[in-house]
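Open the model in your viewer and keep the sequence panel beside it. This tour says what to select at each stop and what is there.

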Amino acid sequence: MQINNCTYSGFACFENKVWYITQNDNLLMEMDIITHKLKCLGKIPNTERILSYRKVFYRKGVLYLIPYNAQDICKYELESGEFSFLNILSKYSSKYKHLFGITEFSNEIILYGLHKEVFRIDLDSYKMKVYQVGNESESCFWQDGIIYEEKLILPFNKQIMVAVVDLNQNDTQYVKINVDVSNIMLQMLFGEKQNLYSVIIDS
């Protein structure tokens, strides 16, 4: 087994299986955590650039591969072993979507990354809603956000600020975190009762 096949950016898991995408070769891998067996499910189609896909999301026997240096979401059916594309993101943002963050919300996933568009996708109907958050020069959502009282809370990368996106009203507020420290990055958010806490590390 080549060491390159063990490097990855994100993964998904269900029961005893873990799936990830190799960074350099765009191979979809599956690991059985009980038997410790690792196998390649196939090379993702139409992937000419490294890091074409980075994140993986599992739902009801389907793996959703989230585009980074690619144009659209790729779907992999575990039962049939077939790849296909949703063809819903191609007309938005830049040619390469640079999506890295993913948040689950009921039967939907919410995707975000290095551009201002935030995509909310219904995985039953594949209908999509798009939110504009920030502007192209400042929007960079590298860390995972959370859903809190039907609001998506996203930490800006290398800024002491979060975007609070009302998913019902399609309205966004920007909240600065009062921390008297320079050169820090919001790494993770989590909610408890009525409070929102941030875990902060040096960047």
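## Stop one: a loop and a patch

Select Ile 33. It lies in the loop between β3 (27-32) and β4 (38-43). Strands here are DSSP runs (E, at least two residues), and helices are runs of H or I with at least four residues, both numbered from the N terminus. This is a predicted model, in which local features need pLDDT of at least 70, side-chain atom pairs count only at pLDDT 80 or more, and totals for chains, interfaces and linings use all residues. Residues are numbered from 1 along each chain as its sequence is written, and side-chain values use heavy atoms, leaving out hydrogens and water.

With Ile 33 they make a nonpolar surface patch of about 290 Å². Patches are made of residues with over 30% relative accessible area and no salt bridge; like charges are joined within 9 Å, nonpolar side chains (Val, Leu, Ile, Met, Phe, Trp, Tyr) within 5 Å. A salt bridge is a side-chain nitrogen of Lys or Arg within 4 Å of a carboxyl oxygen of Asp or Glu. Accessible areas come from the Shrake-Rupley method with a 1.4 Å probe, and for residues only the protein chains shown count as cover.

## Stop two: Glu 82

Move to Glu 82, in strand β8 (residues 82-85). Which residues does Glu 82 touch, not counting those up to four places away in sequence? They are Lys 75, Tyr 76 and Glu 77. A contact means heavy atoms within 4.5 Å.

Select β13 (146-148) and β14 (151-155). The two strands run antiparallel, joined by 3 bridges. Strands pair if DSSP finds at least two bridges between them. Tyr 148 stands opposite Lys 151 in β14.

The hairpin has 2 residues between its strands. Glu 149 sits in this loop, with a positive phi near 55°. Most residues other than glycine have a negative phi. Glu 149 counts as exposed, at 53% relative accessibility.

Stay on β14. It also pairs with β15, antiparallel, over 5 bridges. Ile 153 stands opposite Val 164 in β15. Of the 5 residues of β14, 4 are buried, so the strand is largely enclosed by the rest of the structure.

## Stop four: Asn 170

Go on to the loop between β15 (161-166) and β16 (171-176), where Asn 170 is found. Asn 170 has a positive phi near 55°. It is partly exposed, with a relative accessible area of 40%.

## Last stop: the whole chain

Zoom out. The chain has 0 helices and 18 strands. Of its 203 residues, 47% are buried. Its accessible surface comes to about 10,900 Å², and 47% of that belongs to carbon and sulfur atoms.

Colour by pLDDT, the predictor's confidence in each residue, from 0 to 100. The chain averages 81, and 79% of the residues score at least 70. Finish on residues 181-203, where pLDDT stays under 50. Where pLDDT is low, the predicted coordinates should not be read in detail.

Definitions and conventions: Buried < 20%, exposed > 50% of the residue type's maximum accessible area, 1.4 Å probe, protein only.
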